[in-house]
Amino acid sequence: MNYKPLEVRSSPSTAAASSGSISSVATAEKALSFISKSWREVRSSADADLQLLKNRANSFKNLADREFENFINSASKSPFSVPSITASATLNSAPPAEIDFVRKLQPKLSEIRRAYSSPDFKFYPRPQIKIDLSAIKNAIVAEVGEDEEDETESLRKWRRVGFKVKAKEGQFEEFWEPIKTLKSRLKDLEHKSSSEILEGIKNSEFVERLKSGLKAICKDPNESKEVPPLDATELLACLVRQSSPLLDQLGINRGISDKIVESLCRKRKDQLLLRSLPAGESSMIESENITDELDLRLASVVQSTGHCYEGGFWSDSGKHDELDNKRHVAIVTTASLPWMTGTAVNPLFRAAYLANSAKQNVTLLVPWLCRSDQEIVYPNNLTFSSPEEQESYIRSWLEERVGFKADFKISFYPGKFSKSRRSIIPAGDTSQFISPKDADIAILEEPEHLNWYHHGKRWTDKFNHVVGIVHTNYLEYIKRERNGALQAFFVKHINNWVIRAYCDKVLRLSAATQDLPKSMVCNVHGVNPKFLKIGEKVAAGKERGEQTFSKGAYFLGKMVWAKGYKELIDLLAKQKNDLDGFNLDVYGNGEDAHEVQSTAKRLNLNLNFMKGRDHADDSLHSYKVFINPSVSDVLCTATAEALAMGKFVVCADHPSNDFFRVFPNCLTYKTPEDFVAKVKEAMANEPLPLTPEQRYILSWEAATQRLMEFSELNKVLDSQADKHLGRRHKNGMPKSISLPNLNEVVDGGLAFAHNCLTGNEFLRLCTGAIPGSRDYDKQHSKDLRLLPPQVQNPIYGW
């Protein structure tokens, strides 16, 4: 198809626009050329089909002509027309019916034959299809207006493009009807604005159906489902699980209550699955997630009601809210230097290494004793006239051993020494000596000891997170006293009571301690770095071939029967003959020193008693074997120190020594005979030097890391929002902050009851409290520069 290109006139200012318009014309020309070519192919194909039909019709016509001719010829030759028929023939037979039919049909066939054989006969009229494609060329007309003043007016739109197809009048009107309809709709669309078009699309039925379908796909299933209320089985499971601590107090094992809860949850889940699964199918229920599923079920029900739980029934909403980026850790302990006991030394190192990480501010709260108690407790008649003087002594002792200046605060609370219990009992409310702005995280060293007679603010109400660290196996000590079994029974339940009331998490140094609520076993104590340096020095001397150990065996500890002296004398007395020639040096001071020494002398044991001294003293470096038969310790600090110095340790096969079994120099025994064998083995061999990994396990860095991990302090310290958001399940649903926890309600009730009972002086005295220890006295007020007791902490009785 040939047609001239359109001529476009443009001013210089509209040259760019004109070039774009010309390119549009070129595109239109290509499109029209393609349409013309396609139409020619369609027309040629239609002509070929019509010609094929015409040929087939002519073939059929010729065949029909031949058949008619044969039929007529056969009819004319047959004896149908007989001029005369005899009477006998007429009587004998009648003419057949076909003869009459042919006679009647013959004139008609002759007429049809003449008409059909005429040259003017047409089998069908041939249609005339005429499409004037030149009209397409004439239909495209471009018009560009020129306006020198307004540039936008110079870019006129091209005229609308239309197709005009002419057909013969009366022919193929139905074929062109769809094209005419499409043309009219395109004209209407050109007259509409873009906003009208978009509005029409938005309001179309198709778009509405598409939107509704997408909403159905993306809709949260929880929004369309009503949360069913808890049924009787779920309520009973929740009640049993929340009551498990109370049942444990009543003597029902926690494992039994857990099994009951699991059974109830399993029964409920089985019912739901049986409803949803087809007959004949089964499902396997995993029991590990039953607790989480019950928590989520409770949370979904409470969430559907819109209820939000703000705090405990007994709790105080006014907890510390940190104002700076650092958190505050308060370490409260029951002893202080210069009393060389585990609860004085280990919390001091803990405070130093926690403060050294610079992630949190640390306060160490230690007891202050009046002069009379200092003379009893502190060794070598060492006393202090003011808290500042004792603080200076503590810091100098610490810096000498850790090798760095620890930046933490030391505070004092009033304490009184109990001779019967051989321990310091707090006087008054210990929690009040931590300021509200620092009351963030509390670490209670010996939490049961601190809270036996605690009468004051609940720790978990004042602090955001409270961790207890159990140092002492009090039940073992109490069993050795008069009526020890009965006393141990009451003390066990009192310990459970105060732990539940005042702690969020409890760490037991070993399995030798009482199994307390909210507790787990983890050694969070390390060794004084000075002992590790001694061990490195000994290892270096061995590499040079020097003799590092020139002495035999020794024992070091506070000289009281419960600290292993009873077991030591019993073993040496029974195995006296087997250990002939074995000498043991004993270092220690204590209330039972005279009795222990007289017993050993009476049994004629080879024991050399000397005054107690620091385990890091130079005079102890040359000993090769440390003997520790104690089974009352929770985790013997002296054993860890001896291992750090590279010595052999002979100790009992006891849960308190489980942590030390990984060290090759630790030799444990089960029987007296085994004790003799281990002693002889240690005396005859040289201990192995510690590896770097073993030294790190004993260090305070590793102990601090274990504390942060197992007490969940790392989560609390790293996230300032954890205490407000609560623990979250893996799918993001809060599990505890929106639910009133029955455990918290029970724990709050226990704390309230304990506070009422410890407020009565008569009951305090009946349970062994020091008279007047509910409040600090005037001497404490003077030494610590406190307000008078009746002003600071009024006395409330029953």
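Student: Where do I start with Trp 700: is it buried or exposed?

Tutor: Trp 700 counts as buried, at 1% relative accessibility. Buried means under 20% relative accessible area, exposed means over 50%, and partly exposed is in between (1.4 Å probe, protein chains only). Keep in mind that this is a predicted model, where local features need pLDDT of at least 70 and side-chain atom pairs count only at pLDDT 80 or more, while totals for chains, interfaces and linings use all residues. Residues are numbered from 1 along each chain as its sequence is written, and side-chain values use heavy atoms, with hydrogens and water left out.

Student: How much of the chain is buried?

Tutor: Buried residues make up 41% of the chain's 798 residues. In secondary structure, the chain has 33 helices and 14 strands. These are DSSP runs numbered from the N terminus: helices are H or I with at least four residues, strands are E with at least two.

Student: How many aromatic pairs are there?

Tutor: Rings of Phe, Tyr and Trp (its six-membered ring) pair if their centres lie within 6.5 Å; planes under 30 degrees apart are stacked, over 60 edge-to-face, and the rest tilted. Here the count comes to 19 aromatic pairs. Take Trp 339 and Phe 417: the ring centres are 6.3 Å apart and the planes sit at 80°, so the pair is edge-to-face. Trp 339 is in the loop between strand E1 (327-332) and H14, Phe 417 is in strand E3 (residues 409-418), and they are 78 residues apart. Trp 339 is buried at 13% relative accessible area, and Phe 417 is buried at 11%.

Student: And which pair is stacked?

Tutor: Tyr 353 and Trp 700 form a stacked pair, 6.4 Å centre to centre with 15° between the planes. Tyr 353 sits in helix H14 and Trp 700 in helix H27 (residues 700-710), 347 residues apart, so distant parts of the chain are linked. Tyr 353 is buried, with a relative accessible area of 8%. Ring pairs also join Tyr 554, Phe 555, Tyr 565, Tyr 587, Tyr 623 and Phe 626 into a cluster.

Student: Which residues have the most contacts inside the largest nonpolar core?

Tutor: A nonpolar core is a set of buried Ala, Val, Leu, Ile, Met, Phe, Trp, Tyr and Cys residues joined through side-chain atoms within 4.5 Å. The largest has 105 residues, and those with the most contacts inside it are Leu 398, Phe 408, Leu 572, Leu 584, Ile 627 and Phe 675. Helix H14 (residues 342-356) supplies the largest share, 9 residues. A second, separate core of 24 residues includes Phe 433, Ile 434, Leu 444 and Tyr 776.

Student: What does Glu 686 touch?

Tutor: Contact means heavy atoms within 4.5 Å. Leaving out residues up to four places away in sequence, Glu 686 touches Lys 542, Phe 549, Lys 624 and Phe 648. Glu 686 lies in the loop between helix H25 (672-684) and helix H26 (692-698), and is partly exposed, at 48% relative accessible area.

Student: Last one: at what angle do H20 and H30 pack?

Tutor: Axes are lines fitted to C-alpha atoms, for helices over the stretch in contact, and angles run from 0 to 180 degrees between N-to-C directions. Helix H20 (residues 484-502) and helix H30 (residues 742-758) pack at about 115°, with axes 8 Å apart. Among the residues that meet are Trp 497 and Tyr 502 in H20, and Leu 750 and His 754 in H30.
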